[in-house]
Amino acid sequence: MKNSKALCIAVASGKGGTGKTTVATSLALSLTPQENVLFLDCDVEAPNGHLFLRPRIEAEKKAVILIPRIDVEKCLTCGKCVEVCQFHALAEIGKSIMIFPQLCHGCGSCAWHCPSKAIKEIKNPIGVLEAGLALKGIRFAHGILTISEPMATPIIRQLKKWQKTETGSVIIQDAPPGASCSVVETLRGADFALLVSEPTPFGLHDLKQVLDILKEMNIPGGVIINRDGIGDFQVDQFLKQNHIPIMMRIPYSTEIASAVAAGKTLLDVSSNYGLEFKTLFSQIKKRVMENETC
Amino acid sequence: MLNQANPIKQLVILSGKGGTGKTSISAAIADLARDSKNKINTVLIDADVDAANLSLVLQPQQSETYEFWGGSVAEIEKSKCIGCDLCKLLCRYDAVFPYADGSNSYFIDPIACDGCAACVYSCASEAIRMVQQKEGNWFHSKTVYGDLFHAELFPGKENSGKLVTLIKQHARLWAQDTQASLIVVDGPPGIGCPVISACAGADLGLIVTEPSVAGIHDLQRILSLLQHFKIPVVVCINKSDIYPKGKEKIRQFSSDYKIDILGEIPYDKHIIQAMVQGRPVTREYPNAPSSKVIQEIWNKLVCRLTKC
């Protein structure tokens, strides 16, 4: 709410497969039609939100990074571009400059610093952005990283800038697993982070990683324990000791596991979840307001 | 049988979707390799450096710790900054912000900075420098299952692919020095940069999938990646009984693409119980339904690795 007029909730977890997408899609479905929801699937390496929200894709845009192209007529082979590039995407080989597009971060430094203005930047597609209306009128968009392209973060950055949001709308961002730069990019600018964990040693270890990111980025967060009842009590104990709120518990049941496997959300399993997620949402709103006033 | 006269084989375990059971199966494989009749000298790598869990199961007895110095981020010396705005204009990562104290100078958000140094080279007053970041630690650990190379990328850092490559290099050297015949790489989820690093040089990819719409979707993506790099692939289905229709789909898909399914592991509580105990399931519960299937998978893997 701080910088934009929409409320942005990011759903992350650390460990993969704890139920991020299940929670994010169920939350989105619970809030519509009362709220104007934009769902952004930021797991561009393995996007799954569309399998549950079933958007009809109406808009498409290439996700690109700008890579250098050298005008050999103008190039003096002075090596300045090679010098300024921090990612070894340019190399001087004999009397010419070679470009390695997959190493390029698209920063534009080489073009800016070329003394003979021999470098032009061209668009190099690394993925695609798609958008459309999904179930219950949810506005949906996701990014898809092209196979064999290494960099997910620029696609997430472009995805977040792509769709316009209106005042008072709610953005739900489904994060990738892990705790590296792509998770940070998803969390940037979020008003609240909903962390989905499972009560196992792996779940706890990876949850701690994401909690550290939240602390560093100063984003308020709460935890949902999914598959409650499997594993042990260490996640509970840890959260209690560190005064981190548990906002919801979803029990392990074969019914839920099979439903999610079939592409259903928690609302298909039980209509009670609709109410639970609405309550969760009002708690989140309250926490965000408190965070902004202090 | 894998033996020392042959070059070292590298098996990488991947999934696309997270949470399908890569690490539990990697740990079980580590246990079976050590335990098989002809013990296979194995070096283990946890290539999921930002959510590293293999050591939680393999429980190292001792570890040597090394620092990982990754990329650099830009830093502005406030007293030298003349507030010309050029760095802010050039930065494509929205990392440059003005100080709120009215000093007409700027600072760089280290989390947002990509480390491109465009600002450093353009600053007329030479107020900006690059500061290398310690981005994590990596470890060479001794476990009863073999030497384990693993790492902890500090939360939120970049260069996970670089760190994966680094520990793989050390692991390979160690494997050569100790005449190991197999390297097992427990890979990260996804298909991006650390996954590509995890795959490099692999002789065989084992994809651990699950019969869910998400699992199948991501199976297709990781499979395309491995095919792109011309790495032979086999599949195993974990939690195989949670959605019969999904299992049929994977079988159909695998047969269409002529990929062998080495085993179907039923949903089995013993896997999580073993994880809680910090032991591979095959060691803690050798007679559990999952352990029996993983044993079969392992036998077939040995066969495949010998051929490839």
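Across the interface of chain B and chain A, 31 residue pairs are in polar contact, both residues being at pLDDT 80 or more; a polar contact is a pair of N or O atoms within 3.5 Å, where within protein one must be able to donate a hydrogen and the other to accept it, and residues adjacent in sequence count only if both atoms are side-chain atoms. The model is predicted, with local features needing pLDDT of at least 70, side-chain atom pairs counting only at pLDDT 80 or more, and totals for chains, interfaces and linings using all residues. Residues are numbered from 1 along each chain as its sequence is written, chains are lettered from A in the order in which they are written, and side-chain values use heavy atoms, without hydrogens and water.

On the side of chain B that touches chain A, α7(B) gives the largest share, eight residues. That side divides into 31 nonpolar, 16 polar and ten charged residues. Two salt bridges are counted between the chains, a salt bridge being a side-chain nitrogen of Lys or Arg within 4 Å of a carboxyl oxygen of Asp or Glu. One salt bridge joins Lys161(A) to Asp94(B), with 3.4 Å between the closest N and O atoms. In total, 57 residues of chain B are in contact with 61 residues of chain A, where contact means heavy atoms within 4.5 Å.

Technical notes:
Helices (H or I, at least four residues) and strands (E, at least two) are DSSP runs, numbered from the N terminus. Ala, Val, Leu, Ile, Met, Phe, Trp, Tyr, Cys and Pro count as nonpolar, Asp, Glu, Lys and Arg as charged, and the others, Gly among them, as polar.
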